[in-house]
Amino acid sequence: MFITRIAIILVSLGAIPIVSIAQLPPWTRFKLDNGLEVLVVENHLTPIVTIEVTVKNGSFTEPPEYNGLSHLYEHMFFTSNARDTTEDDFLGRVDDLGIVYNGVTHEELVEYYFTLPKQNLEPGLDFMATAITSPLFKDDELHKQKEIVLGEFDRNEALPLFKFGRKVDTAMWDGCLSRKEPLGNRPTIKSATREKMLTIKNRYYIPNNSLLIISGDVNTDQIRKLVPRYFDRWQRGPDPFIANPPVRAPALKAPVLVLDTIAEPRAILFIEWHGPSIGIDDKGTYVADVFSEIIRQPEHPFSKLLEESGLAQSVNFWYFTQRYIGPIKPDIVTTPEHLAETMKVFWQQVDKFDDPNYFTDEELETAKNVLRTKTLMLSEQLSEFTHDLAFWWASAGLDYYGHYLDDLSKVTRQDIADYVHRYLKGKPYVLGLAMDKAGFDKVAPTLEKIGNPAMEKQP
């Protein structure tokens, strides 16, 4: 299924000094001759195993005529293949092996996983290898899955802020919206063909563009012997990103105001900047995490002056790590009556982001601790840790993820100042505002003042 990652606001844990004792669980890494990278994570608490395959596919690979088809392909994976020649056969094998399964499509990866009893590890590997290498894309199944995906699109489109979010993203990504929208668009999904599914398979579903993770109650030496038995048959292909390089959205040239009228009496604000990208500014990505966590702390002036003061009903500030431009995204909910003052205070805070006294040493260390604790807590849940490994492998690389906790601890005040100057202060942004017509009537005289500086207005 398609998911959107959202920021989680954590409670401050206090400025306990960062220690290097607690680390991420260890993993073993090796590669087959066909280029398939394999990770093994041993955890013997319960007799359960997860087999996950991750592919560097997703919306970042999609021009408009393919937008949403990575997600449709994900659905087609769980239908028929060369051995299980109907969807019923596929689901029957799922039942026989005691599998809990799912797939997820993101911007920069698609992942599939089976969780099953350890005694079914070997047939589970065989099942996964067969499914990933030989999907049939039968016309009747494709028609059925298109209807399911379109139904999922309908449910998302019915959400109050869906169209508003699309309008903001259209301005944010300036001609490259398809590269940032895993859910896709309705006409492209409706027009999907078997030939397009095969194009995706032949281009991206190759071992040298994929990762196999096996986690749980397994023995690494046994996995080294078993994996080639089932995955060596997967044929290597040409690097898909040489002939089809991903497209990076152009830099924003000026601040843009996006307005949308919705059935909502409150004022909903989405503010977005282009943030750091993996491969261009790796250091900036974890500095962005630390800075966001600092100003999310309830006792920090950013939160106190906006939310605790009563100006805003909710405030968030977060960054999403990506290789092809990670967005920096403050979200604010206020009222039409408080809109002008809320945005005045918001921009006053932005102007102070590079002030040496904007945050204390205690707040800096607390932010690092919160991020460390969040990361370690997720790693204790084996299923979440497996998905995190997949996400970071695709978007940032496992070396980045493996060093993440240590890199957080090294973030300095100067690093944060450099980040603020490079990505935030005085930089172009998109500001989206949505509310009902009565709200717009109330704020009309002051609407042009909510930006910093004056903005180009989009309908």
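N209 is buried in this predicted model, with a relative accessible area of 3%. The residue lies in the loop that connects helix 7 (194–204) with strand 6. Its side chain reaches the backbone oxygen of K56 at 3.1 Å.

**Surroundings of N209**
- N209 counts as buried because its relative accessible area of 3% falls under the 20% limit.
- Neighbours within four places in sequence being set aside, the contacts of N209 are T54, V55, K56, Y204, P240, F241 and W393.
- Among these contacts, K56 also supplies the backbone oxygen that the N209 side chain reaches at 3.1 Å.

- Six strands form an open sheet with mixed pairing, in the order 1-2-6-3-5-4.
- Strand 1 (28–31) and strand 4 (100–105) are the edge strands, each pairing on one side only.
- On average, neighbouring strands of this sheet are turned by 15° against each other, direction ignored.
- Strand 4 and strand 5 (residues 110–117) run antiparallel and are joined by six bridges.
- G103 stands opposite Y112, a residue of strand 5.

**Helix 3 against the sheet and helix 8**
- Strand 3 (48–55), strand 5 and strand 6 (210–216) have helix 3 lying across them, and the helix runs at about 155° to strand 5.
- The packing of two helices is described by the angle between their axes and the distance between those axes.
- For helix 3 (residues 121–133) and helix 8 (residues 220–231), the angle is about 35° and the axes are 9 Å apart.
- The crossing in which helix 3 passes helix 8 is right-handed.
- On the helix 3 side, the contact is made by L121, E122, L125, D126, M128, A129 and I132.
- Helix 8 contributes Q222, I223, L226, R229, Y230 and F231 to this contact.
- By class, the residues in the contact of helix 3 with helix 8 comprise nine nonpolar, one polar and three charged.

**Buried residues of helix 17**
- In helix 17 (residues 413–423), the buried residues are D415, I416, A417, Y419, V420 and Y423.

Definitions and conventions: Residues are numbered from 1 along each chain as its sequence is written. This is a predicted model: local features need pLDDT of at least 70, side-chain atom pairs count only at pLDDT 80 or more; totals for chains, interfaces and linings use all residues. Side-chain values use heavy atoms; hydrogens and water are left out. Axes are lines fitted to C-alpha atoms, for helices over the stretch in contact, and angles run from 0 to 180 degrees between N-to-C directions. Helices (H or I, at least four residues) and strands (E, at least two) are DSSP runs, numbered from the N terminus. A crossing is left-handed if the near helix is turned anticlockwise from the far one by less than a right angle, and right-handed if clockwise. Contact means heavy atoms within 4.5 Å. Ala, Val, Leu, Ile, Met, Phe, Trp, Tyr, Cys and Pro count as nonpolar, Asp, Glu, Lys and Arg as charged, and the others, Gly among them, as polar. Two strands pair if DSSP finds at least two bridges between them. Buried means under 20% relative accessible area, exposed over 50%, partly exposed in between (1.4 Å probe, protein chains only). A polar contact is a pair of N or O atoms within 3.5 Å; within protein, one must be able to donate a hydrogen and the other to accept it, and residues adjacent in sequence count only if both atoms are side-chain atoms.
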